[in-house]
Every structure is written in structure tokens, then in C-alpha cells.
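Please consult the sequence and structure shown here while reading.

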Amino acid sequence: MMSRQEIGFQPRWDKATFAAQLMAKEVHYHIHHPFNVRMQEGSLTPDQIRGWVANRFYYQIKIPQKDAAILANCPDRETRRRWLVRIQDHDGGDGNPGGIEAWTRLGEAVGIPRNELWSLRHVLPGVRFAVDSYVNFARQASWQEGVCSSLTEMFAPKIHKDRLASWPRNYPWIEPEGLQYFRSRVSLAERDVEHGLAVTLAYFQTREQQERALEILQFKLDVLWSMMDAIELAYA
């Protein structure tokens, strides 16, 4: 009889190793995309900044729909209670204007009137396709897989901090109050990662499941990278 090693059996990773494998996916995060690198260097034109803001807005308004899809697939009340706050973070409520409103103010700060931003007329087909594919994934996948796909938040605090540090210096024409979205997301992303990572580490137990989690995270990273590809092609 063949041994488990001989038939290609792979033992599961312990939680620390699994978490490290997930974190290693950071090399594919869109912070490394050439368009974002140029953004951080301060070499983008106002039109390029506005193009990025207008297209990224489509992602922002779809995040609550993605989170609502995960909630709809989740039978666990405690998880739903914890996940619900993500929708409120973006849609607002209880005196909090929310992330979508903060992004709208960013649009105004870079010179995009509110009505123009909300019209979505600047949203590129490639961006729309990528974002819609993510929402559809959340609708069709298990809620645990939907949670796993959100783990790109592990890499988000750095990109927000980088923008807060570089934009006032590199793009002084942008009104400072427009950067509030980036300020607010640093702590919120760290909170969200704690929950999302706990769910992922608990649910994906076998090596096969853990490899599947890496595939899901890569899919989400590809969504974000594809958005940047489309924006770069159109504006750079």
C-alpha cells in the first residue's frame, strides 16, 4: 500500500504557518501596481488622480452589497452581528456619514462634482467587470469563502498610511479634508482583519481547504489589480 506521502498527501499548515502564507500574498497587492507606484511618487497628473478616484468610487459603492451578500449566506447570528458593522462603515448611520460619503468628499477635493461622481459616467468597463465579478463571487460562495476574500484588508493600512504621508506633499492642490477616508480606514481595516482572519483560520482546516483560501485571496487581489490595469490603460 502506498504511503500518504507517496500519493502526494500534504499535511495541513498550523495556524501560524497558514496565516503567514496568507500574508505572503501581499506581493500581489495593488500597492505594487505601476500606476499606484507613480501615484505614491507624486508623478500623476490631476486628470489621472481624478480618473482613479472616479473609478475607485464604483468599488466603494459596491462594498456594502458584497458584505450584504456575505450576511445573506451566513446562518450564524453572532457572525452577522459582527459583519453588519462593515455595511454601516460604508453606508453610514447613527451620525456617521460613512465611507461612501467620505469618498464623495475626496472626489470633490480632487475636482469632481458630487453629481458627476455619482453618475458613474467615468467608470471604465474593465473596472465595472472586475468589481461586479467580486460581488457575484460573494453572492455565490459560502459565507466563509466570502469572508476570506475580504482579507486583502490585511494589506490596506499601509497603503492608506502611505497616501496620508505622501499626498499632502505631492499633491498640495488636493483639499486636505478630502483625505478623511484614508484616515478612517486605517483603524477600521485593522479591526476587520482581526475578525476575518479568525474566521478563515478556523474554517479552512485541511491542506486542501487552506490552498483554496489562498486561491480565493488571490482572486480578490486579481480583482484589485485588474482595476488598476484598466485605469492605467485609460489614463496613463
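Q: Which helix gives the most to the lining of the largest pocket?
A: The model is a predicted one. In it, H4, helix H5 (99-110) and H10 each supply at least two residues of the lining of the largest pocket. With 5 residues, the helix that gives the most to this lining is H10.

Q: How much space lies in the largest pocket, and which residues are the closest to its centre?
A: The space in the largest pocket comes to about 190 Å³. The pocket is lined by 15 residues, and the closest to its centre are Asn96, Gly98, Gly99, Ala102 and Ser184.
The classes of this lining are 4 nonpolar, 7 polar and 4 charged residues.

Q: What is the volume of the largest cavity?
A: A cavity is counted here at 30 Å³ or more, and the count comes to 1. The volume of the largest cavity is about 270 Å³.

Q: Which residues that line the largest cavity are the closest to its centre?
A: The lining of the largest cavity divides into 9 nonpolar, 6 polar and 9 charged residues. Of the 24 residues in this lining, the closest to the centre are Arg56, Tyr59, Ile63, Glu153 and Arg185.

Q: Which helix supplies the largest share of the lining of the largest cavity?
A: Elements that give two or more residues to this lining include helix H3 (46-73), helix H4 (77-91) and helix H11 (207-235). The largest share, 6 residues, comes from H3.

Terms used
Residues numbered from 1 in each chain as written. Predicted model: local features only at pLDDT ≥ 70, side-chain atom pairs only at ≥ 80, totals over all residues. Heavy atoms only, no water. 1 Å grid on protein atoms, 1.4 Å probe; cavity = no way out; pocket = protein on both sides within 12 Å on 5 of 7 lines; lining within 4 Å. Points joined across faces, edges and corners; volume = space filled by probe spheres on them. Helix = DSSP H or I, 4+ residues; strand = E, 2+ residues; numbered from the N terminus. Nonpolar A, V, L, I, M, F, W, Y, C, P; charged D, E, K, R; others polar.
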